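Hi,

Here is the model I promised to pass on. My notes on the charged side chains and one of the helices follow below it.

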Amino acid sequence: MSQVSDWVADAEIAPPLPAVRGTSLLRRSLKLWRTRIGLALVGVIVLVAIVGPYLAPYGPSTPVGAPNSDPSSKAVLGTDYLGQDVLSRVLYGGRSILVMAVLATALALVVGTAIGLVAAYSRNALDDTLMRGMDVLMALPQILLALVAVAIVGAHAWVIVAAIALTTVPRIARVARGAAQPVVERDFIAASEAMGVPRWRIVSGELLPNCLGPLMVEASLRLTYSIALIAGLAYLGLSANYNGANWGTMIKQNQFVLAVQPWGAVGPIIAIALLTMGTGLIGDGIARTAAGIDRARGEE
């Protein structure tokens, strides 16, 4: 009992980790200009995706003029190769990419975090088994794995989300395991075990809160890659609705008329670029805050 008391006393005296908690990390990262700019860019694109369909002058598949016509009062950004209004399709095309990217990242974050934390806490053959499985998945190119899954099952929205999540899980699991390994060796974990706290409560209540910083950074990076991968699959013709408004599909359909009417492809390219830049800046701001870089300047 004396050893258990010592462990409990040590756990009460020393904080679980010097790392920044999730909410505090977000608040501090918002003091950096790169994070604010990233949030502004993402906010604009998200607002366009949500409100855009209600502001679009035409439907996403409504012909309004001759194919590849120049911008005019009737079509502000001109028409695409089928005579559809480019502006309306840009306003409609972001919702599917955003929803699928967020769902894929959230699914991968839950599964990858669970695998990484269980592997770090087990410290036995289960750790090696889980991580070797993650190594196998990481050895496969992301785009190839997604292409195989979509080609076998079909280009359904849920298949694309699951395929992208599958390519993202190994990387998140690696980050979660690496962040949790030092925490597992702390005295307060041993004290919780000695007091009979269930393992699932130790993993969820002790390990997870102390790994939120690296996981938040990784989630923002994975969201960026998910957006690019979904747009890439749509560019290759693997989208849930090939004839629907989708930024990746619009680039593919209008790439051959760039010299005649560039906005059909340039418009969605700019939207995807701003979205990925925004998420990248947010991730960079969170990473810098977690590492203590630019802390003094950000707090001025």
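Is Arg-177 buried or exposed? Arg-177 is buried, at a relative accessible area of 17% (buried means under 20%, exposed over 50%, partly exposed in between, with a 1.4 Å probe and protein chains only).

Before the rest, some housekeeping. This is a predicted model, so local features need pLDDT of at least 70 and side-chain atom pairs count only at pLDDT 80 or more, while totals for chains, interfaces and linings use all residues. Residues are numbered from 1 along each chain as its sequence is written, and side-chain values use heavy atoms, with hydrogens and water left out.

**Salt bridges**

Searching the whole structure turns up nine salt bridges (a side-chain nitrogen of Lys or Arg within 4 Å of a carboxyl oxygen of Asp or Glu). One of them pairs Arg-177 with Asp-127 at 2.8 Å, N to O. That pair links distant parts of the chain, with Arg-177 in helix H7 and Asp-127 in helix H5 (residues 125–139), 50 residues apart. Helices here are DSSP runs of H or I, at least four residues, numbered from the N terminus. Asp-127 is buried too, at 8% relative accessibility.

Arg-174 and Asp-135 also form a salt bridge, with 2.6 Å between the closest N and O atoms. They again link H7 to H5, 39 residues apart. Both are partly exposed: Arg-174 at 28% and Asp-135 at 27%.

**Arg-171**

Arg-171 sits in helix H7 (residues 157–184). What about a salt bridge for Arg-171? There is none, although Arg-171 is buried; the nearest side chain of opposite charge, Glu-218, is 6.4 Å away (Lys and Arg count as positive, Asp and Glu as negative; His and the chain ends are not counted). The Arg-171 side chain does reach the backbone oxygen of Thr-167, at 3.0 Å. Leaving aside residues up to four places away in sequence, Arg-171 touches Met-138, Gln-142, Glu-218 and Arg-222 (contact means heavy atoms within 4.5 Å).

**Helix H12**

Just after H12, Gly-292 has a positive phi of about 85°.

Being four residues apart, they are separated by about one helical turn. Asp-284 is partly exposed at 29%, and so is Arg-288 at 23%.

Cheers

Definitions and conventions: Helices (H or I, at least four residues) and strands (E, at least two) are DSSP runs, numbered from the N terminus. A polar contact is a pair of N or O atoms within 3.5 Å; within protein, one must be able to donate a hydrogen and the other to accept it, and residues adjacent in sequence count only if both atoms are side-chain atoms.
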